[in-house]
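Subject: Handover of a structure and notes on its contents

Dear colleague,

Please find the structure below, followed by an account of what was found in it. I should be grateful if you would read the notes with the model open beside them.

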Amino acid sequence: MAAWALVASLITATSAFAHGGDPRPGADSGFTALARASAATVTLEVQSACCGTSGSGLLLTHTGLIATSAQLIAGAQRVRVRLSTGEVFDALGMLSYEPRLDLALILIPGAGLPSAPLADSDSLVVGQRLRAIGMPYGLGTIVTDGLLREVRTEGGVPWLRLSAPAAPGSNGGPIVDERGAVVGLVVVGPPGSVWGGRLDMAIPINGVRGEVGRLAGKTPIPFGEMEYADAAPTPSGEPWLDESPIDVGADLDFRPLNGVVLYFEERYAGPHSIRDSTGYGVFLMPDGRLGLERRNTRDWRDQSASLAEQALRTTYIFGESNQSVSAGTTSPRADGIPADAWELRIEGGRYWYNAAGRVREGDASPGVVPREMLSAILAALPDSLPAEVHVSVLDAAADTSQDVTVRFGRRESRSIPVPWVGSTCGADVPTRSIAVDVVQATRQTETDMVSVVVLARRPHVILGGAAAGMTSHLKCVVIPGVVP
């Protein structure tokens, strides 16, 4: 299969946004205002005591005042801010933390920074076209188009709800009207809300204005000195037990995946190849639930040239009703390959698939997970691996669930490459070989079978594999706590 066809097989949507404007001389067009709002959108890299996460924020003033989601900042020990220009700042501290509003205001040092035009959110009308802007994970600006679905009050606080959720990682970013002026801020929602958590909610910007006016001249509090009444507790020393009905026949513990990095080169028939990099992180929600984040980039190549780069992020929140979000983008590097963005969310027996600006909703069978979580499920099994496990994965593009059976076989020793120095992997990272115990396994569906090798100890990360017309070679791996 040609490399461009391989890329196209994963593409589910393309997205673009239109703009309107004011024809009067000297007036900002919708495009100009939207460009200003995009320039004022930033990426926040939040480091807490146990782990890290990222999201978006909005520069409100030229002097570095940033609005973002309180749930994103909860428990922060350090916050790094990446501007749309690529400049990076360490935030000075917190000016305001309002979990009831899911709003936090932080400050970075600077002058002459970009800031966004603000509108009057009280003039919004249900059915009005709105756009959510985010800079998730520093991968560039993403715009999600939708409509204002409703304006409602919960706990005495007004909230906006959109017809489609913003891209994951856009929490804290702005909502703009058709002229590109900011009317709200994307948030997860009020603590305990039964209708929040899908990134389809926003704080009206007029409420944010009120907070800004109250903070004139206030000195920021360093993040390490903050007391987060609504922050999640630190993890206990006991293994966390998964509550989902996945038929694994054993307890799962995802915490050993924290900090794991894997770098592969996949070879296909002919000159086609993929450079595949995957990293895992464990984090805590403000309500104490454990979450797992998987970040993956795939560089599709033809001989020595890059054809396209895909970025995929999956988060999985564990609890009585497990929640997951997968979001992917494709950035073309060659002609003939379209750009792409999509999102899949699974929660409470339902799923929502957002592609090409359209949202499809359907039933999700109990225990189903996004296919990107399959490797994490295997990695979380106990050291005493069962003979086989069964996992149901969702293919939202095809609107079907698929049962995957993984059978474990003989154990053996194998050499794997680890970095000489540091905890990162990549194409040019020097490595050394060490011997580890591995288990041979097969992963089978109704249509195909793949041979894989997994680490014998938890986390049972996949260290290589082969299928018809494809081989996957491990070039570098970081496994904290297992591989020295």
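Residues are numbered from 1 along each chain as its sequence is written, and side-chain values use heavy atoms, with hydrogens and water left out.

Confidence

The protein has a mean pLDDT of 77, with 79% of its residues at 70 or more. Helices (H or I, at least four residues) and strands (E, at least two) are DSSP runs, numbered from the N terminus. Where pLDDT is low, the predicted coordinates should not be read in detail.

The barrel and other strands

Six strands form a closed barrel in the order β8-β9-β10-β13-β12-β11, and their pairing is antiparallel. From one strand to the next, the twist averages 45° (axes are lines fitted to C-alpha atoms, for helices over the stretch in contact, and angles run from 0 to 180 degrees between N-to-C directions). Two strands pair if DSSP finds at least two bridges between them.

Strand β18 (residues 323-332) has seven buried residues out of ten; buried means under 20% relative accessible area, exposed over 50%, partly exposed in between (1.4 Å probe, protein chains only). Strand β18 runs antiparallel to β17 (residues 305-317), with ten bridges, and Ala308 has Pro332 in β18 as its bridge partner. Eight bridges join β18 to β19 (residues 340-347), again antiparallel, with Ser324 opposite Ile346 of β19.

The disulfide

There is one disulfide in the structure, where a disulfide is a pair of cysteine sulfur atoms within 2.5 Å. The sulfur atoms of Cys425 and Cys476 are 2.1 Å apart, and the link is left-handed, at -65° about the S-S bond. This pair joins distant parts of the chain, 51 residues apart: Cys425 is in the loop between β24 (400-419) and β25 (431-444), and Cys476 is in strand β28 (residues 470-478). Cys425 counts as buried because its relative accessibility is 14%, and Cys476 does so because its value is 0%.

Individual residues

Most residues other than glycine have a negative phi, and most peptide bonds are trans. Asp102, which is not a glycine, has a positive phi of about 55°. Asp102 lies in the loop between β6 (93-98) and β7 (103-107) and is buried, with a relative accessible area of 0%. The peptide bond from Arg458 to Pro459 is cis, its omega near 10°, and Pro459 is in the loop between β26 (449-455) and β27 (462-467).

Yours sincerely

Methods
Predicted model: local features only at pLDDT ≥ 70, side-chain atom pairs only at ≥ 80, totals over all residues. pLDDT = per-residue confidence, 0-100.
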